[in-house]
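Please look at the sequence and the model below, with attention to charged side chains and to the packing of helices. The report that follows takes these two topics in turn.

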Amino acid sequence: MADHFAEIKLAEQKSYNSIPFPWVLTPNSTTNLSFLTETIRTQKPFLESLLLKAGAVLLRGFDVKTANDFNDVVEAFGYEELPYVGGAAPRSHVVGRVFTANESSLDRNIPFHQEMALLPQFPSKLFFFCEVEPVSGGETPIVLSHIVYERMKQSYPEFVQQLEQDGLIYTRIYQEKDDLTSPTGRGWKSIFLTEDKSLAEERAANLGLKLEWMEDGGVKTVLGPIPAVTYDKIRQRKIWFNSIVMAYTCWKDTQNDPVKAVTFGNGSPLPEDIVYDCMKILEEECVAIPWQNGDVLLIDNLAVLHARRSSSRPRHILASLCK
């Protein structure tokens, strides 16, 4: 283990080919924030090697207490920031490169997904920071995308073959304003960062979205066909990279029918039983480590899907997205 970091094992971790998931690092000496950020700068190749192997790295026990502290940690890695344009999760800017994580009601689970997987430009890496740990629940479960692909292909080879052949089409209606009762309730004005419909259309086109304006001020969006399975060129393996479970189980309100929200690329419906079996596989393979104050979790967005378990208040998790 590189200088200044010590590896620890947690009961919740899994191991794949003798590689821990996630990799968990604690201080080997001082917990001082400035020492941590300087160590990140000097030990970045080492940390990236762990991320490449494991897909996720948890920093625990360091002196990271505030949003400003978290911003310093993110900036120490030196990754380029990715603006949150086109994403559906309700968020608020906090400071610097830091935003709130999904602000929807904490009494609801958020299904597994990769961040902004539907869009042509998605973050390569995500940071999460626990500013206030929940009393119980509220974990951010993570699961390896290539494991999900392998399990799904083994259980449903014809289904996966059709996904790889036809891709997926996503259809969703967004209102003007944010709906915090929904994990994907961001209004179109927030999604496209404008109140101008022409500018929204321009930004939507850049994201591959087709828009149809509704009489009530909302907008219907259609995306696809786009791939449901992609290839991780760095790790040289196929991965599960889609929002099937999120769309099918979560895009439900007075104007959105989850069954129609995601279909095969030819327009035919997805088999409900297979979608729900996919949910079971995600749960079986996931790791859910209870948050502790000061935790910083770095995720490779191609290698790992994440979710959110319900909790009571308080729970305050912050996030940052990187190209």
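Aspartate 232 has a relative accessibility of 2% and therefore counts as buried, where buried means under 20% relative accessible area, exposed means over 50%, and partly exposed lies in between (1.4 Å probe, protein chains only). This is a predicted model, in which local features need pLDDT of at least 70 and side-chain atom pairs count only at pLDDT 80 or more, whereas totals for chains, interfaces and linings use all residues. Residues are numbered from 1 along each chain as its sequence is written, and side-chain values use heavy atoms, with hydrogens and water left out.

**Salt bridges**

Aspartate 232 is paired with arginine 235 in a salt bridge, a term that stands for a side-chain nitrogen of Lys or Arg within 4 Å of a carboxyl oxygen of Asp or Glu. Arginine 235, at 14% relative accessibility, counts as buried, and this arginine also forms a salt bridge with aspartate 300. Because arginine 235 lies in the loop between strand 14 (229-232) and strand 15 (237-240), and aspartate 300 in strand 17 (residues 296-300), the pair ties together parts that are 65 residues apart in sequence. Helices (H or I, at least four residues) and strands (E, at least two) are DSSP runs, numbered from the N terminus. Aspartate 300 is buried as well, with a relative accessibility of 11%.

A further salt bridge joins arginine 41 and glutamate 38, which both lie in helix 1 (residues 33-42), three residues apart, about one turn of the helix. Arginine 41 counts as partly exposed at 47% relative accessibility, and glutamate 38 is likewise partly exposed at 42%.

| Salt bridge | Closest N to O distance |
|---|---|
| Arginine 235 – aspartate 232 | 2.8 Å |
| Arginine 235 – aspartate 300 | 3.0 Å |

The structure holds 14 salt bridges.

**Helix packing**

The axes of helix 4 (residues 145-155) and helix 5 (residues 157-166) come within 5 Å and cross at roughly 120°; axes are lines fitted to C-alpha atoms, for helices over the stretch in contact, and angles run from 0 to 180 degrees between N-to-C directions. Helix 4 and helix 5 are therefore oblique to each other, given that angles under 35 degrees count as roughly parallel, over 145 as roughly antiparallel, 65 to 115 as roughly perpendicular and the rest as oblique. The contact (heavy atoms within 4.5 Å) involves Tyr149, Met152, Lys153, Gln154 and Ser155 of helix 4, together with Pro157, Phe159, Val160 and Glu164 of helix 5.
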